[in-house]
Amino acid sequence: MDFDIHKVDAVESTNDEIKAASLKGAPEGSVVWALRQTGGRGRQGREWYSPEGNLYFSVLLRPPLPLRFWGNYSFVAGLAVHSAVTGILGKPAELKWPNDVLVDGKKISGILLETVGEALIVGIGINVQSVPEKPLYPVTSLGAEKAPPFSLEQILQKTLQSLDQEYAKMNAEGFGPIRASWLAVARKGSMRIRLPSGEGELSGDFQDLDAEGNLVLKLADGSIRRINAGDVFF
Ligand code: BTN
């Protein structure tokens, strides 16, 4: 894919910029990269800490697969960031369901997928120099992990390169190989899930990632529960 990168100083949210571009007919591969965001958005309506020094960008995709498979592109994006971060740090990162990238158990990146019309927006934030003060999860940054001094542009390019590869694999071969790659680097074991909109919490042991991208958990009473949204804590 040819990526067309639009670098901007500050925007409210790169996801919103690329959504607007998409509605005006921007092609697949359009990217908005902002040095900072004034209203960066995270999953479940949360705010995404976005001062200068970290990486914030959104990519416009027009996936060829039917809409019902689009949720699985979230694992495509997770694998892309995982591969870039692992390459930069020279030590293996992990993925936490659905698509957070962890280094030594601490979150270094977040991904927000949104759809607009026929387009899928993949918004990626990577902590390069700094982390939020009161995070929901333990957090880290490339700087704190003593990464070699890559520029933001180099990190962006590496991530786009892996995204291109994983996206092509998903489109050609479906979710099977993506699921297998995700399972190979996912953090497993026992975990606590905070369900969205105050539906409470669950604890259990990781069992699987199913073909729909659900997290399959074994609860203490032995029952199996499939989770399609929530926050995972270890
Ligand atoms: C999460 O909650 O883990 C997802 C965070 C996603 C943040 C990125 S930064 C670039 C893009 N623009 C946004 O407003 N959000 C995403």
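Visitor: Which residues lie nearest the centre of the second largest pocket?

Guide: Keep in mind that this is a predicted model. The second largest pocket has a volume of about 410 Å³. Its lining counts 23 residues. Those nearest its centre are Gly-71, Ser-74, Pro-98, Leu-113 and Asn-228.

Visitor: Which element gives the most to the lining of the second largest pocket?

Guide: Helix α2 (73–89) and strand β6 each supply at least two residues of that lining. One of them gives the most, with 5 residues. That element is β6.

Visitor: How many charged residues does the lining of the second largest pocket have?

Guide: Sort the lining by class. There are 10 nonpolar residues and 10 polar ones. The charged residues number 3.

Visitor: Now the largest pocket. Which residues are the closest to its centre?

Guide: About 550 Å³ of space lies in the largest pocket. It is lined by 31 residues. The closest to its centre are Gly-42, Glu-47, Trp-48, Tyr-49 and Lys-107.

Visitor: Which element gives the largest share of the lining of the largest pocket?

Guide: The elements that give two or more residues there are α1 (14–23), β3 (55–61), β6 (106–116) and β7 (119–126). The largest share is 4 residues. It comes from β6.

Visitor: How many polar residues are in the lining of the largest pocket?

Guide: By class, 12 lining residues are nonpolar. Another 8 are charged. The polar count is 11.

Visitor: What is the volume of the largest cavity?

Guide: A cavity is a space where the probe fits but cannot get out. The count comes to 1 cavity of 30 Å³ or more. The volume of the largest cavity is about 30 Å³.

Visitor: Let us step back to the whole protein. What is its radius of gyration?

Guide: The protein has 4 helices and 12 strands. For 234 residues, the globule rule gives 17 Å. The protein's own value is close to that, so the protein is as compact as a globular protein of that length. Its radius of gyration is 17 Å.

Visitor: Among contacts between residues at least 6 apart in sequence, what share joins residues at least 24 apart?

Guide: The C-alpha atoms fill a box of roughly 50 × 40 × 35 Å along the principal axes. Of the 234 residues, 49% count as buried. Among those contacts, the share joining residues at least 24 apart is 65%.

Visitor: Is Glu-145 buried or exposed?

Guide: Glu-145 sits in the loop between β7 and α3 (152–173). Beyond its neighbours within four places in sequence, its contacts include Leu-89, Lys-91 and Val-103. The cut-off for buried is under 20% relative accessible area. At 12% relative accessibility, Glu-145 counts as buried.

Visitor: What distance separates the C-alpha atoms of Ser-83 and Ile-227?

Guide: Ser-83 has its place in helix α2. Its relative accessible area is 35%, so Ser-83 is partly exposed. Along the chain, Ser-83 and Ile-227 are 144 residues apart. Their C-alpha atoms are separated by 25 Å.

Methods. Residues numbered from 1 in each chain as written. Predicted model: local features only at pLDDT ≥ 70, side-chain atom pairs only at ≥ 80, totals over all residues. Heavy atoms only, no water. 1 Å grid on protein atoms, 1.4 Å probe; cavity = no way out; pocket = protein on both sides within 12 Å on 5 of 7 lines; lining within 4 Å. Points joined across faces, edges and corners; volume = space filled by probe spheres on them. Nonpolar A, V, L, I, M, F, W, Y, C, P; charged D, E, K, R; others polar. Rg over C-alpha atoms; globule rule 2.2 N^0.38 Å. Buried < 20%, exposed > 50% of the residue type's maximum accessible area, 1.4 Å probe, protein only. Contact = heavy atoms within 4.5 Å.
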